[in-house]
Amino acid sequence: MITRRVFVTAALALTALAVVPARAEDKPTEIRIGTQKGGLFPAVRQRHTVEDAFKPLGIEVKWIDFQFGPPLLEAINVGSVDFGFVGDAPPIFAQAGAAKIRYVAAVKSEGNNQAIIVPPDSPIKTLADLKGKRVAFGKGSSAHNLLVVALEKAGLSWSDITPAPLAPADATVAFVKGAVDAWSIWDPYLALAELKEKARVIAFDKHVHKPNAFYIAGSDFVAKYPAVVAKLNTIFAAEGRWADAHREEVASAQAEATGVDIEAIKRFVARSNYQVVPIDQDIVKGQQAVADRFARIGLIPKPVNVSDIVWKWTPGS
């Protein structure tokens, strides 16, 4: 027989269960970070800064390397990577494809790490000379954006060249063999081509626009672990300040990790900026210009609004 006292006690217990919300998980067990070849990341990995910051919290760190930005962002989109670093164009293509990503921080480039190059004896002297030429670039990469902007600056359209979308390794072979007339490419491939192939620069990024690079995180990851994303930004901002003051160590770590010629790495590191900053309106405006340009010439299927996927990071938060 159920007494009134038992009934009331049971009812109170059920009520308590109904009003107490389930505790949200506030930290992951692992953070998967996607990086590209080189930069400051080999030094950061050697220093174990990220691991040391998260290990006391019971969070493991896993590093995953990619050849360039688009496959890294696809990995973030499908949930196999949580956080990564890319140039300006890959997030535009990813957003146009409804990828689940967020801009979480930026690095303002000085425009010295990417260029359009030609062989030393090429008759191509100016950007206008690219008309009718076969030009290599990484599809969906920041080098893709550089090529588009450079053609516009020269009064040329995309149809005025023969595009040769190639991943960096394939483009290196094509450039050396003379299978392409020019190549839009970033460091350290740029520095290697300058030193090994005596490649001649006809335009750096800085000659045609102001590029930025970005730290990107998965939208679900940001929503679930905002404090972790803020901590990652803070760590990389500190590592960027360290790298600016320790370029020899950065170069040494990168050369050791990649096997790339140390002289090319030193050139890459010397002309790099590592300072991580929040994404402000000027950065959004510049990135929106990239998106609008791509939409205008049909490189993405529809216009996108960059600010829709910007996550606000306040340093110190």
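Helices (H or I, at least four residues) and strands (E, at least two) are DSSP runs, numbered from the N terminus. Everything here comes from a predicted model, where local features need pLDDT of at least 70, side-chain atom pairs count only at pLDDT 80 or more, and totals for chains, interfaces and linings use all residues. Residues are numbered from 1 along each chain as its sequence is written, and side-chain values use heavy atoms, with hydrogens and water left out.

Figure 1. Along the principal axes, the C-alpha atoms fill a box of roughly 100 × 45 × 30 Å. Of the 317 residues, 50% are buried (buried is under 20% relative accessible area, exposed is over 50%, and partly exposed is in between, using a 1.4 Å probe and protein chains only). Take the contacts (heavy atoms within 4.5 Å) with a separation of 6 or more: 79% of them link residues 24 or more positions apart. The accessible surface is about 15,100 Å², and 55% of that belongs to carbon and sulfur atoms; areas come from the Shrake-Rupley method with a 1.4 Å probe, and for residues only the protein chains shown count as cover.

**Figure 2. An open sheet of five strands in the order β7-β6-β8-β5-β9.** The pairing is mixed, where two strands pair if DSSP finds at least two bridges between them. At the edges sit β7 (162–165) and β9 (200–204), each pairing on one side only. From one strand to the next, the twist averages 25°. (Axes are lines fitted to C-alpha atoms, for helices over the stretch in contact, and angles run from 0 to 180 degrees between N-to-C directions.) Zoom in on β5 (residues 114–118) and β8 (residues 182–186), and you'll find them running antiparallel, joined by four bridges. Here I117 stands opposite W183 in β8.

**Figure 3. Helices α6 and α7 lying across strands of the sheet.** Helix α6 (residues 142–153) lies across β5, β6 (134–137), β8 and β9, and runs at about 70° to β5. Helix α7 (residues 168–177) lies across β5, β6 and β8, at about 145° to β8.

**Figure 4. V86, a buried residue in a strand.** Look for V86 in β3 (residues 83–86). It counts as buried because its relative accessibility is 1%. Leaving out residues up to four places away in sequence, V86 touches Q36, G69, L72, L73, P91, A213, F214 and I216. As for F41, 45 residues away along the chain, its C-alpha atom is 12 Å from that of V86.

**Figure 5. The cis peptide bond between D187 and P188.** Omega for this bond is about 5°. P188 lies in the loop that runs between β8 and α8 (189–196). As a rule, most peptide bonds are trans, and most residues other than glycine have a negative phi.

**Figure 6. H48, a non-glycine residue with a positive phi.** The phi of H48 is near 60°. You'll find H48 in the loop between α2 (41–47) and α3 (49–54). With a relative accessible area of 43%, H48 is partly exposed.

**Figure 7. A98, with a positive phi although it is not a glycine.** Here phi is about 65°. The loop holding A98 lies between α5 (89–96) and β4 (101–108). A98 counts as exposed because its relative accessible area is 56%.
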